[in-house]
Amino acid sequence: MGDSKEIKQENQEPLVYDPQYILMVRDLKKYFPIKGGMVSHVVGHVKAVDGVTFNLKRGTTMGLVGESGCGKTTTGRTILRLAGEKTGGDVLFNGKEVYDLTNKEMRALRTKMQIIFQDPFSSLSPRLPVGEIIGEAVREHGLVPKAEFDDYIDKVMDNCGLQPFHKDRYPHEFSGGQRQRICIARALALNPEFIVCDEPVSALDVSIQAQIINLLNELQEEHKLTYLFISHDLSVVEHISDTVGVMYLGNLVEYGETADIFKNPLHPYTKALFSAIPIPDPKAKMNRIVLEGSIPSPANPPKGCKFHTRCAQCMERCKTEEPVQKEVEPGHYVVCHLYDQ
């Protein structure tokens, strides 16, 4: 894959494991090759994830926000090793590098790392009844004895607001909210420690969204779960998250405690995102920040700061010099030249 091999060979200090974090991600990169020409050789790369770094504490929720196409979902899938090989960086789960594990070790780890997909309509097999969808992986991994299997599935379904008689029904017989509960039950059945929630409420109406968010909160408290919550909806992220990461064109441009990010957004892109949050008051005046221009292509990102082509506060150095992550206040990180002083 051309330059992706060079990235893998970078000489970096080994990432030191800190037990308070269930997940440690450093400089994660995931590039997809672009093929062209008569013999279909690699002519470039789509830099979907281009140097993401964060740590996630046990039992907490990290929200990941940004525009469509910024690399949120690819980040989640790359962490779970669902997007092929990473291009570079480190992913430590409970102190183990996920990409160094053998197939047998990875299979054992699959029960500890789960994902709730965005679309509850396409992520459930239409050919299997709900009981089989939820229990398929439980049976495959031999998590419970055969004699206890049915009772175990009933208990998982009950925890997720589903009735035992739903087991023999098929996905098309359920509403969107119920299908998302089935997706949550399928992930929860394996007794995971970490779940990537990939926009789990974006396809649902507002009242059902609230039910699913409350369910996720209750399950987190009961089972000591850790979430990476990917979403466009900033109000949902503010409600459910302990920490927030803001992504733009494959990079994490700001990261910190939820209260700090929402009270004092630092990066110009974060400020623009937050200015678009609707205020439930018809008399309130919104100071909307409108970003000029369109999002650059991840196959050919701009030099320097990737956001400089749309930034009202762009300086000359932003066009040539790539900014590095800085801790502006305790636990609040930003990638921007405005905070170099």
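Guide: Start with a pair of strands: β9 (residues 243-248) and β10 pair in the antiparallel sense over six bridges. Strands are DSSP runs of E with at least two residues, numbered from the N terminus, and two strands pair if DSSP finds at least two bridges between them. The model is predicted, so local features need pLDDT of at least 70 and side-chain atom pairs count only at pLDDT 80 or more, while totals for chains, interfaces and linings use all residues. Residues are numbered from 1 along each chain as its sequence is written, and side-chain values use heavy atoms, leaving out hydrogens and water.

Visitor: Which other strand is joined to β10, and by how many bridges?

Guide: Strand β12 (residues 332-335) is joined to β10 by two bridges, and the two run antiparallel. Here Tyr255 stands opposite Tyr333 of β12.

Visitor: How many residues of β10 are buried?

Guide: Buried means under 20% relative accessible area, with a 1.4 Å probe and protein chains only. In β10 (residues 251-257), six of the seven residues are buried, so the strand is largely enclosed by the rest of the structure.

Visitor: What is the strand order in the open sheet of four strands?

Guide: The order is β2-β1-β4-β5, with antiparallel pairing. β2 (41-57) and β5 (96-97) are at the edges with a single partner strand each, so one side of each has no neighbour in the sheet. Inside this sheet, β1 (residues 21-36) and β4 (residues 88-93) pair over five bridges, and Met24 has Leu92 in β4 as its bridge partner.

Visitor: What volume does the largest pocket have?

Guide: A pocket is found on a 1 Å grid over the protein atoms alone, as an open set of points where a 1.4 Å probe fits, with protein on both sides within 12 Å along at least five of seven lines; lining residues have an atom within 4 Å of a point. Its volume is the space filled by probe spheres set on the points, which are joined across faces, edges and corners. The largest pocket has about 540 Å³. Among its 23 lining residues, Asp50, Gly51, Asn251, Glu322 and Pro323 are the closest to the centre. β2 supplies the largest share of this lining, four residues.

Conventions
Buried means under 20% relative accessible area, exposed over 50%, partly exposed in between (1.4 Å probe, protein chains only).
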